[in-house]
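Here is a short briefing on one protein model. Keep the sequence and the 3D view open while reading.

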Amino acid sequence: MRRAVCPGSFDPITNGHLDIIARASRLYDTVHVAVMINKSKQGLFDVDQRIALIEEVTAELGNVRVEAFHGLLVDFCKQREIPAIVKGLRAVSDFDYELQMAQMNIGLSGVETLFVPTNPAYSFLSSSLVKEVAQWGGDISHLVPPPVLQALNARLRQQ
């Protein structure tokens with residue numbers, strides 16, 4: 001069985017993330033989405049909410065498993081016998097950082113990293129930017145799946 005992982009914080013998941021996950025799901029039998037926990041950051045959504053949103057928007061893919069993970073991504077991969085990490089690249093600046101991580105990961109564990117160029121429609125997109133635009137009342141409906149838009153609007157009304 002061919003397995004890969006798509007890691008991230010996904011706070012919240014965007015159409016750019018979803019595009020990379022969907023493309024990976026066509027190449028691998030199982031795609032694990034690892035929602036990485038960073039205890040030093042306060043997210044807009046807690047980990048369980050992020051997992052629920054990702055499960056909802058990836059349900060139609062059929063071969064995506066979503067779970068939280070804290071620690072080194074290579075440990076997540078080793079525990080689940082996942083030989084590949086799939087990462088989307090938006091710009092050269094992403095490549096500079098991700099190349100260092102890929103080289104560290106293969107050196108630590110032999111886990112390969114595959115870079116997928118982002119769909120040009122999403123080349124500017126990040127969760128941080130989506131949250132900022134939404135907080136100022138901008139239209140993000142074309143940037144996130146409908147369930148995420150609803151959850152994001154509800155969360156921002158609570159603040």
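The buried residues of helix α6 pack against α2 and α5 (127-135). Contact here means heavy atoms within 4.5 Å. Helices (DSSP runs of H or I, at least four residues) and strands (runs of E, at least two) are numbered from the N terminus.

This is a predicted model: local features need pLDDT of at least 70, side-chain atom pairs count only at pLDDT 80 or more, and totals for chains, interfaces and linings use all residues. Residues are numbered from 1 along each chain as its sequence is written, and side-chain values use heavy atoms, with hydrogens and water left out.

- Pro147, Val148, Ala151, Leu152, Arg155 and Leu156 are buried in α6; buried means under 20% relative accessible area, exposed over 50%, and partly exposed in between (1.4 Å probe, protein chains only).
- Proline 146 counts as exposed because its relative accessibility is 57%.
- The 13 residues of α6 should span 18 Å at 1.5 Å a residue, and its end C-alpha atoms are 19 Å apart, which agrees. The expected span is 1.5 Å times one less than the number of residues.

**Packing of α2 and α6**
- Helix α2 (residues 47-58) packs on helix α6 (residues 146-158) at an angle of about 155°, with the axes 9 Å apart.
- α2 is therefore roughly antiparallel to α6; that term applies to angles over 145 degrees.
- Axes are lines fitted to C-alpha atoms over the stretch in contact, and angles run from 0 to 180 degrees between N-to-C directions.
- From α2, Gln49, Leu53, Glu56 and Val57 meet Pro147, Val148, Ala151 and Arg155 of α6.
- Alanine 52 also lies in α2. Alanine 52 is partly exposed, at 41% relative accessible area.

**Backbone features in loops**
- Aspartate 11 and proline 12 are joined by a cis peptide bond, with omega about 0°. Proline 12 is in the loop between β1 (3-8) and α1 (15-27).
- Phenylalanine 10 is found in the loop between β1 and α1. Its phi is positive, near 50°, in a residue other than glycine. Phenylalanine 10 counts as buried, at 3% relative accessibility.
- Glutamate 81 has a positive phi of about 55° although it is not a glycine. Glutamate 81 is in the loop between α3 (73-80) and β4 (84-89), and is exposed at 59% relative accessible area.

Key: Angles under 35 degrees count as roughly parallel, over 145 as roughly antiparallel, 65 to 115 as roughly perpendicular and the rest as oblique.
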